[in-house]
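Here is a briefing on one protein chain.

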Amino acid sequence: MVVPVEPTFTEAELHQRLVYGDESALGEVYAAYGGLVRRVAVRVTRSPAAAEDVAQEVFAQLWSRPYAFDARRGTLRTWLSMLAHRRAVDWVRGEARHRKDARADDAALHAIPDAAPGPDETVVDRERSLLLHTALAELPQPQREVVHLAYFAGRTYRQAAVELGIPEGTAKTRLRAALRRLAETLADPPDPALERGAR
């Protein structure tokens with residue numbers, strides 16, 4: 001009589017091969033549980049593209065830290081499902097933060113008077129345009145680079161961070177500081193007549 005091999009034995013064997021750096025073991029685990037990991041991620045993120053990213057992160061973690069899985073606490077299937085769920089929740093929270101930050105940055109940008117000349121351009125419009133260009137030029141170079149990429153080159157602050165080779169948090173901080181400085185500078189442009197009278 002042939003006794004069927006228990007799945008836990010197969011998982012334990014695969015896990016041991018992963019610990020020893022056997023790439024084919026990772027392929028077998030992915031073939032067995034990749035679909036499950038993506039399904040869990042899709043249920044949480046509601047995004048197939050995000051689910052693919054989550055799956056890559058899950059299996060990258062399994063490959064880089066196979067010892068994090070403890071067979072005594074459950075099956076590899078369960079552990080991968082829990083890891084996928086946790087990563088997917090992190091993705092959702094991260095997207096919510098990014099959307100909130102984007103709204104805050106857009107609100108700060110809209111608070112800056114429009115410096116684009118219109119058909120009925122007035123002296124005040126020209127002065128505001130000049131003031132905007134002057135204010136941009138007076139920004140510290142790191143802030144000016146992020147503003148240029150974010151609002152003149154159409155990059156997100158995350159893309160700007162990659163191009164500038166800086167952390168996302170640093171790019172976001174520089175952008176916010178620049179927007180606050182521009183908004184403050186342009187909120188109450190000096191009245192040329194008053195300036196002349198003060199001389």
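Buried means under 20% relative accessible area, exposed means over 50%, and partly exposed lies in between (1.4 Å probe, protein chains only). By that rule F69 is buried, at 5% relative accessibility. This is a predicted model: local features need pLDDT of at least 70, side-chain atom pairs count only at pLDDT 80 or more, and totals for chains, interfaces and linings use all residues. Residues are numbered from 1 along each chain as its sequence is written, and side-chain values use heavy atoms, with hydrogens and water left out.

**Confidence**

- pLDDT is the predictor's confidence in each residue, from 0 to 100. The protein chain averages 76. A score of at least 70 is reached by 71% of the residues.
- Residues 1–9 stay under 50 in pLDDT. The model has 2 contacts for them beyond four places in sequence. Contact means heavy atoms within 4.5 Å.
- Residues 189–199 are also below 50. This stretch has 5 contacts in the model beyond near neighbours in sequence.

**Overall make-up**

- The protein chain has 9 helices and 0 strands. Helices (H or I, at least four residues) and strands (E, at least two) are DSSP runs, numbered from the N terminus.
- Of the 199 residues, 30% count as buried.
- Take the contacts with a separation of 6 or more: residues 24 or more positions apart account for 63% of them.
- The protein chain exposes about 12,900 Å², and carbon and sulfur atoms supply 55% of it. These areas come from the Shrake-Rupley method with a 1.4 Å probe; for residues, only the protein chains shown count as cover.

**Aromatic pairs**

- A search of the whole structure finds 2 aromatic pairs. Rings of Phe, Tyr and Trp (its six-membered ring) pair if their centres lie within 6.5 Å; planes under 30 degrees apart count as stacked, over 60 as edge-to-face and the rest as tilted.
- Y30 and F59 form an edge-to-face pair, 4.9 Å centre to centre with 65° between the planes. The pair links distant parts of the chain. Y30 sits in helix α2 (residues 23–45) and F59 in helix α3 (residues 48–64), 29 residues apart.
- How accessible are the two partners, Y30 and F59? Y30 is partly exposed, at 37% relative accessible area. F59 is buried, at 5%.
- The rings of F69 and W79 have centres 5.7 Å apart and planes at 55°, so this pair is tilted. F69 lies in the loop between α3 and α4 (76–110), and W79 lies in helix α4. The pair therefore ties together parts 10 residues apart in sequence.
- W79 counts as buried, at 18% relative accessibility.

**Nonpolar cores**

- A nonpolar core is a set of buried Ala, Val, Leu, Ile, Met, Phe, Trp, Tyr and Cys residues joined through side-chain atoms within 4.5 Å.
- The largest core has 22 residues. V29, L62, L76 and L80 have the most contacts inside it.
- α1 (7–19), α2, α3 and α4 each supply at least two residues of this core. α2 gives the most, with 7 residues.
- Which residues does L62 touch, leaving aside neighbours within four places in sequence? They are L18, L26, V29, L76, W79 and L80.
- Another core, of 11 residues, lies apart from the largest one. Its members include A135, L136, A150 and A178.

**H148**

- H148 is in helix α6 (residues 141–152). H148 is partly exposed, with a relative accessible area of 45%.
- The C-alpha atoms of H148 and L136 are separated by 9.2 Å. The two residues are 12 apart along the chain.
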